[in-house]
Each structure stands twice: as structure tokens, then as C-alpha cells.
Amino acid sequence: MKEPPLQRATDRIAELYRRYVLPTYAPPSIALVRGEGALVWDAEGREYLDFLAGIAVSVLGHAHPALVRAIQQQAGRLIHCSNLYYNEHQGELARELAGRSMGGACFFCNSGAEANEALIKLARLWGSKSGGRWRIVTMRNSFHGRTLATLTATGQAKVQRGFEPLPDGFDYAEFNDLDSVRSAITDRTAAVLVEAVQGEGGVVPASSGFLAGLRRLCTETGVLLLMDEVQCGMGRTGRWFGWQHYGIEPDAFSLAKGLGGGFPIGAIVVAPGLAEVFQPGQHASTFGGTPLACAAARAVLETIERDRLLDNAAVRGAQLMDGLRHLQKSVPAFVEVRGMGLMVGLVLDRPSKPFETRLRELGLLALSTADRVVRFLPPLIVSERDVARALEIVAAAALDL
Ligand SMILES: *Cc1c(COP(=O)(O)O)cnc(C)c1O
């Protein structure tokens, strides 16, 4: 009898996806099976420096002992109890988030899209009590999620095509163009929703004039300023929240990605003046803010604080951007380096997907976005050596450009 052909573990895994998982993603033939710090390993034992962190999620890197311990301990105590009862961790987590931002209060959910849905519902409910305001102005090239409302909020036709009719009530303006937002606001507008640093849009920070002007404009016109901090929040930019670089405060903002360090959890934080908008029965989430999710997020906040990871994000981000700018001098295909803290974009003069592939072949995970941008989102625990190594790989990959 003939032996069946030996199959690599990766091929077995890929075959299952091909047969049984809907093809909403198109990953390369790599299965990640283990991680530690800023390193991950695939099913064939290959090592990668992870400068993607599960898309800005694994802020403490992989297998961080504080996060592992918090999850293990809480899992053995109480995983879930619904929001029909209090749990030990949700109120503490809410206090910690509110205390680091505008004060106020939180609602917990499970993802970025769900957090932005909560912001949208907050604005609608508030607007319904404020003279029938219900429309929301969002930015072109933004990204807010994949539910029907949040993909409509997302100012990119490519995520909307085929899903029409889209929910009504969204108007679009140009990011970093205050006049454009001003002309999009009407007496039906309840809120403006904006990212401090557009992530999927290509790592584009808001200009300081734009956000300061937007805050004034919203206050003058009686419109809420909502910020989507799902990607740029949780220390990624070197401060807890991206808007904290701009000397302004939003009326409410959303969080998810990095909040649980990989454990799914989303949240909105609402300024004190809006804390009474939602009343019992007006919004809910079965899994929102479980003891397990909140214990994980508390461990993330505590570790960022204790290990001074905001400072690390600022310092290592500067190292990464300086290093890329230095390479830029000798690589004509590198058009621009931009970003904030550990949210860094390298703009190429050509589509960036092949460069992302080359980086991966050389052992560095990064993410191509907005066609020509390579995005680096390392964990906040990244070391000087990790960044130096990543820069060596970028330099090596650039030889092929
Ligand atoms: C990823 C992202 C979202 C969507 O988050 P999900 O958890 O995938 O629903 C929303 N807004 C921004 C800015 C994001 O980067």
C-alpha cells in the first residue's frame, strides 16, 4: 500500500480554511501558532518579528505573564454572569478609563464596530432630545467597522459596494479640512465622528489645527464631537488616547483593539454631561464587559502604567520613524514616513502589498494599507533591539525595490 503524501501542518490548516471558512480574508499560507513578546512562530517553526500585533491589538505583545495570569485566574473564578448582575471588574475598569480621559462613564461591548454603533446610537438618542438632530458627519478615508451602520460611517466606497441600501443619516467631509466639515454640518447634524490618526486610511494623523478647530466648531454648532480611538487609543500613540495630543476633549470616544490586549472587549467613554443619555433598556450587549474581559483589560491598563509603556511607545516610535527616515534618504521608493508613537506608516511610490510580502519572507510582519502604505503597529513592549532588527529587515527588503 502506498503511503499518503506527507503534508505540512500549514497545508492541513489551509485546506480546512479553504473548505470550511468563508473567504472574507485572503491570508498568505502561514499559520501562527505561538508567540512571546514581540516574536511569533508559525506552524513550520519559522520566527517573525511581529510589527503588526494582530492589527494594533496585542499591546503587551504575546503571552505577557500579567495578562495570562489575569485571564487564568478570572477564568477559574467567574467567566460570565450577564449584565443583569454587577461583576467585580466592570466598575473598576470603567473608573480607570474615565479617570484617564474626561471623567464620565462607560458602556462595554466586544468590538470596535460595536463600540462605534454605541456612539452612533448615543448621538441619535441625544439628538432626538435636542430638537431632532440625527445625522452624523464622518470623514472620507476613515474606517469605523463592518456592521451596516459603521460601514456607512466609513467614508470609503469599497467597503460599502454591494450592501446598498445603506442606512440613512451619514454625511461625509474631508479629513484635515475644517471648511469641509463646516459645510457638511446642518441643523439636523447630531455629531461629527473622527479618528485622531486615521489607521486604515493610511496612518494619517489629524493636524492640530483641524482637531482644535473641530472642537470649537462642534461646540459652536451644538454638535457632539465623537472620536474613534479603536486603533489609535490604548497607548499606541504614546499617550493613552490619540486626542490627548491635541489639547482637546471629545464628548465621547470608542475603544476596542488594544483594550483587552487580545481578549475581545470594546467600550465607549462618555463625558459626564452625556452620562444620562442611555437609560435602562435603550442599549445592551450580552457579552459586554464580562468579568473575564474586564479582568483582562484591567491587567492591560495596569501593565501599561507600571511598565511605563506610554513612554516606551513614544521613544521606540521615534526610533522607528527616525530609522525609516534615515533609510528614506537612500531609497527613492520611500516617499514619506508618518505617524505618531508606535503607529507608523511608510508611504511607497508604488503598491505596498509586494513589499509587505517581502518583509514577511525576511521575518517581519507588517501590514499594507491604503494601497501604498506599509503600516507598522508593534506591541507597546517592543525593545530597542526589536526596532533595530526591524529596521535592518526593512533595509534588506528595500534592496529589491
Ligand atoms: C479596526 C477598527 C474598527 C473596527 O473594529 P472591529 O473590532 O474590527 O469591529 C473601527 N474603527 C477603527 C479606527 C479601527 O481601526
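Reader: Rings of Phe, Tyr and Trp, taking the six-membered ring for Trp, count as a pair if their centres lie within 6.5 Å. With that settled, which residues form one aromatic cluster?

Author: Phe241, Trp243 and Phe253 do. Bear in mind that this is a predicted model.

Reader: How many aromatic pairs does the structure hold?

Author: There are 5 aromatic pairs. One of them joins phenylalanine 241 and tryptophan 243, with 6.0 Å from centre to centre and 15° between the planes. Planes under 30 degrees apart count as stacked, so this pair is stacked.

Reader: Are those two buried or exposed?

Author: Phenylalanine 241 is buried, at a relative accessible area of 0%. Tryptophan 243 also counts as buried, with 2% relative accessibility.

Reader: And what about phenylalanine 334 and phenylalanine 355, how is that pair arranged?

Author: Edge-to-face, because the planes stand at 75°, with the ring centres 5.8 Å apart. The cut-off for edge-to-face is over 60 degrees.

Reader: Where in the chain do the two sit?

Author: Phenylalanine 334 belongs to strand β13 (residues 334–340) and phenylalanine 355 to helix α12 (residues 353–361). They are 21 residues apart, so the pair links distant parts of the chain. Phenylalanine 334 is buried at 3% relative accessibility, and phenylalanine 355 is buried with a relative accessible area of 3%.

Reader: Now the surface. Which residues form a nonpolar patch there?

Author: Ile13, Leu16, Tyr17, Tyr20 and Val21 form one, and together they have about 520 Å² of accessible area.

Reader: Where is tyrosine 20 found, and is tyrosine 20 buried or exposed?

Author: Tyrosine 20 is in helix α1 (residues 9–20). Its relative accessible area is 61%, and the cut-off for exposed is over 50%, so tyrosine 20 counts as exposed.

Reader: On to the backbone. Which peptide bond is cis?

Author: The bond from glutamate 164 to proline 165 is cis, with omega near 0°. Proline 165 is placed in the loop between α7 (157–160) and β6 (170–173).

Reader: Where does alanine 370 lie?

Author: Alanine 370 lies in the loop between β16 (367–369) and β17 (373–376). With a relative accessible area of 33%, alanine 370 is partly exposed.

Conventions
Residues numbered from 1 in each chain as written. Predicted model: local features only at pLDDT ≥ 70, side-chain atom pairs only at ≥ 80, totals over all residues. Heavy atoms only, no water. Patch = residues over 30% accessible without salt bridge, like charges linked within 9 Å, V, L, I, M, F, W, Y side chains within 5 Å. Areas by Shrake-Rupley, 256 points an atom, 1.4 Å probe, with all protein chains shown as cover. Salt bridge = Lys/Arg side-chain N within 4 Å of Asp/Glu carboxyl O. Helix = DSSP H or I, 4+ residues; strand = E, 2+ residues; numbered from the N terminus. Buried < 20%, exposed > 50% of the residue type's maximum accessible area, 1.4 Å probe, protein only.
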